[in-house]
Amino acid sequence: MSAVIRFESYTWRYSRTKQPALDAIDLEIEEGAIVGIIGPNGSGKTTLAYSINGLIPRQEMGVRKGKVYVMGREVMAYTPAELCQRVGLVFSDPEAQFTAMTVEDEVVFGMENLGLPIEEIERRLAWVVPLTEIGPLMDKPPYEVSGGQKQRVALASVLAMRPPILVLDEPTTMLDPLGRRRVFQVLERLKREYQSTIIVIEHSLEHLIPLADHMVLLYYGKVLLADETEPFFERLAFLMEHDVFPPGVVEFFYHLKQAGEYPADAPLPLTVEDGTARLRELLGGKG
Amino acid sequence: MTAEEIWTIEEGEVRTPGIGHIVITALLIGIGAVVGAFGSFTLPLGFGVNFFWPAIAVQNVGGIWYGAWGIIAASLFPIISNGISGTPVYVSLAYIPANAFQSFMPAWGFRYFKADPRLKSARDWWVFLGTITVGNIFGAIWGPLVVLKGFGLLTAESVPLFVWGWFAGNEIAGIVFGVILLKALSGVVITTKTFVKRWWA
Amino acid sequence: MQKMHKTILGYVPEASPLYEVHPFVRLYFLMVVSIFPMIIGAPEWNLALILVVLVLMKYGRVSLSTLKLYVPISISMGMLILLSYTLLGGIHPEFHVVFRILGFPIYYERIEAAVEVYTRILPMIFVMVLFLSTSRERDVLVAMRWARVPFTMTYMTAMALRAVGMVIEDFSIVRQAEKARGFDPHGKSLGYKLRQFVMYIIPLMALSLRRSEEFTKAIVARGYSFTGLKNVKRPDYVLSKYPFRTRDAVLILIITGFLLGILYLRYGLGMLTLEGSVTQRWLRQWLLGGAA
């Protein structure tokens, strides 16, 4: 598979800071992959997201070095309108994205900007509304619905533009557990049914891990680790040294491994279901 | 940053009007409408006339920081705040020149005299006071004399009292809240991309 | 009792037959019918217009208790007019004195003029209230878009209305935060309240300015550009949901017809003025005992 996003020695420093937010990073993301980007606050995750869809440097003041390629072309070679058709960005605060009076107007806004004919807008609405389960909300003001619903509306408004690449910047930060689960269910459906390239910046690893094919650890402007999900979490000590706190099940089995109670060469289970199955095997083996 | 530097477009610096300016105008309209509708400390006389109107500060600082965009917001937000309180639509529309000028004067003054929006020197203060006073004089004449008298709401004999009342109310509110906003927020605003050095960018 | 729904502009009924009327027609009604009292001088005709508006509000299922919200402006406006025309109206030996207040003469001609002015302004307020009570925010935007107002302006209006809602919410949050820290202006002096307002206005303004950056990014990320896509006509999906029907065109014609009719009666035939009106005759009878 080809790299649909490529960072080449990319550095970005905001004009108000002395240290670069991203420091000479090299990173490739393959087409159709689901990539999770994790790291402590201030690591440059949002800067990375904005650099992909051109908000940096267009909407921010700073110094840019290196290149970012999206679908084979440098980001700055695209016009903003061209780029937004390729990269959709969902922000962490859904409230800050809503400027329309109804959910329907909000979802339609991006499609109108693209100049799509009314028939095509209706077709896409018929696709994205059931996908994100926002049908009952269409006539409501977007700012009057619940947190989880808001984020699904934000997601719908971006998905409606059918970008082949979707970037979600901490989409569940402001959500309760149920809201969080509903958002990830939509992403799972997207993965299953549409093979989109999805980049998710998240702190909530329980939901991210089952979804992601690859993980990237961004640590204060540098890519410290990038790998497929399973081998990524095998480096658990390294991750924890760099302020990543894995889901309880991963940490539990890691300690079991350290204590010799779990085979050293066996992969760490990444989900509760996996963990339950492995534990059954372990207990069954000793039985 | 000196006052001169604040208003000077450097060699190679490119500033163009953009979405950010549309957004800032809309938000200024929103905040002005709310402050205008709810911020009155005195018994409102009706038709958006208040003897103490804090929203004048939004008009003044909006013009200083955002030039023509602030002036547009200043002209439009009273239509919403007056409209919400039931003021007839044509009375609201007739106020536009007064509201626009009240914002235009400090916007022009700060740019022409290269005064510092952070009000660092005595000269900056004089520019601020002088320009908002001129703006308020025009507003106070336009409002009661042209609008209210024009709609027959005031007699010729009562106009002077309302002119003085409008002027004094706007002047005091403009000084108190304008100074506070300029001192508190100018330092941040002048570093943003949406800060307007000329009239549109 | 009709259920009312709060919007930024006021309270509107959940359902109303007036929603079947195209939003542009409702805006046209506001703009044109607001002119009627400026042409009509006879108070009884302007009061009749108020009755028409009340009937429309009833038909539109607007809860008439909504009118309570506009009582303060009606009263304060009436006081302004009365004050201006009587106590502040100056000395006019040529006018008829009907009584005195603290030595100030109150003239019949001034009272008559004040009545005329008040009965002009009241229907204008009622028409505005009718509009605010039967228009949701989307209706205002649809009306503007149908009138071919440039998209940038209608979008700015939408954002401005949205901003009004957000600022009100921020105001409430800041107020609660201040109260939680013991800052409660209730029952306090004007100076205290002034300080309160100062403490609110800075965070409100700062929040709005910070939001502007977030909104800008969100709008740009969804492809909106100031100058629009080159060579691409922007479709108006929302407008396509509001077809302009024959009955809407008929309503426009009726409203325009009334305007032309009133103009003709007033300027062509000299009717609808204060002179010779029922109200004038009644006022003269009551205040002057029938004397001219």
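Two strands pair if DSSP finds at least two bridges between them. The model used in these exercises is predicted.

## Exercise 1. The six-stranded sheet of chain A

**Task.** Find the strand order of the open sheet of 6 strands in chain A, then find which strands stand at its edges.

**Solution.** 

Step 1. Read off the order. It is β6-β7-β8-β3-β9-β10 (chain A), and the pairing is mixed.

Step 2. Look at the ends. β6 (87-90) and β10 (222-228) of chain A each have a single partner strand, so one side of each has no neighbour in the sheet.

Step 3. Follow the twist. From one strand to the next it averages 15°.

Step 4. Check one pair. Strand β7 (residues 165-169) of chain A runs parallel to strand β8 (residues 197-201) of chain A, and 5 bridges join them. A:Leu166 has A:Ile198 in β8(A) as its bridge partner.

## Exercise 2. The four-stranded sheet of chain A

**Task.** Work out the order of the open sheet of 4 strands in chain A, and say which residue stands opposite A:Val70 in β5(A).

**Solution.** 

Step 1. The order is β2-β1-β4-β5 (chain A), with antiparallel pairing.

Step 2. β2 (22-30) and β5 (73-74) of chain A are the edge strands. Each has a single partner strand, so one side of each is left without a neighbour in the sheet.

Step 3. Take the pair that includes β5(A). Strand β4 (residues 62-70) of chain A is joined to β5(A) by 2 bridges, and the two run antiparallel. The residue opposite A:Val70 is A:Arg73.

## Exercise 3. Helix α1 of chain A

**Task.** Is α1(A) largely enclosed or largely open, and why?

**Solution.** 

Step 1. Recall the cut-off. A residue is buried if 20 or more other C-beta atoms lie within 10 Å of its own.

Step 2. List the residues that pass. They are A:Lys45, A:Thr47, A:Leu48, A:Ala49, A:Tyr50, A:Ser51 and A:Ile52.

Step 3. Conclude. Because 7 of the 8 residues of α1(A) are buried, the rest of the structure largely encloses this helix.

Step 4. Find its strand contacts in the other sheet. α1(A) lies across β1 (3-14), β2 and β4 of chain A, at about 120° to β1(A).

Step 5. Look just past the helix. There A:Gly54 takes a positive phi of about 85°.

## Exercise 4. Two domains of chain A

**Task.** Locate the domains of chain A and describe the contact between them.

**Solution.** 

Step 1. The domain assignment gives domain 1 (3-246) and domain 2 (247-287). Their C-alpha centres lie 32 Å apart.

Step 2. Count the contact. Domain 1 of chain A gives 10 residues and domain 2 of chain A gives 8 residues.

Step 3. Name the elements. On the domain 1 side, α8 (205-211) and α9 (229-234) of chain A give two or more residues.

Step 4. Sort that side by class. It has 6 nonpolar, 1 polar and 3 charged residues.

## Exercise 5. Chain B against chain C

**Task.** Which element of chain B gives the largest share of the side that touches chain C?

**Solution.** 

Step 1. Size the contact. It takes 46 residues from chain B and 52 residues from chain C.

Step 2. List the elements of chain B that give two or more residues. They are α2 (19-38), α3 (55-84), α4 (89-94) and α7 (159-189).

Step 3. Pick the largest share. It comes from α2(B), with 14 residues.

Step 4. Sort the chain B side. It divides into 32 nonpolar, 13 polar and 1 charged.

Step 5. Follow α7(B) to a helix partner. Helix α6 (residues 122-150) of chain B packs with α7(B) at an angle of about 145°, their axes 8 Å apart. The crossing is right-handed. The residues of this contact divide into 14 nonpolar, 7 polar and 2 charged.

## Exercise 6. The hairpin of chain C

**Task.** How many residues lie between β3(C) and β4(C), and which residue in the turn has a positive phi?

**Solution.** 

Step 1. Strand β3 (residues 97-101) and strand β4 (residues 104-107) of chain C run antiparallel, joined by 4 bridges. C:Phe99 stands opposite C:Ile106.

Step 2. Read the turn. The hairpin has 2 residues between its strands, and C:Leu102 has a positive phi of about 50°.

Definitions and conventions: Residues numbered from 1 in each chain as written. Chains lettered and ligands numbered in written order. Predicted model: local features only at pLDDT ≥ 70, side-chain atom pairs only at ≥ 80, totals over all residues. Contact = placed C-beta atoms within 7 Å. Nonpolar A, V, L, I, M, F, W, Y, C, P; charged D, E, K, R; others polar. Axes fitted to C-alpha atoms, helices over the stretch in contact; angles between N-to-C directions. Left-handed = near helix turned anticlockwise from the far one by under 90°. Buried ≥ 20, exposed ≤ 12 C-beta atoms within 10 Å, placed from the backbone. Domains from an automatic or database assignment.
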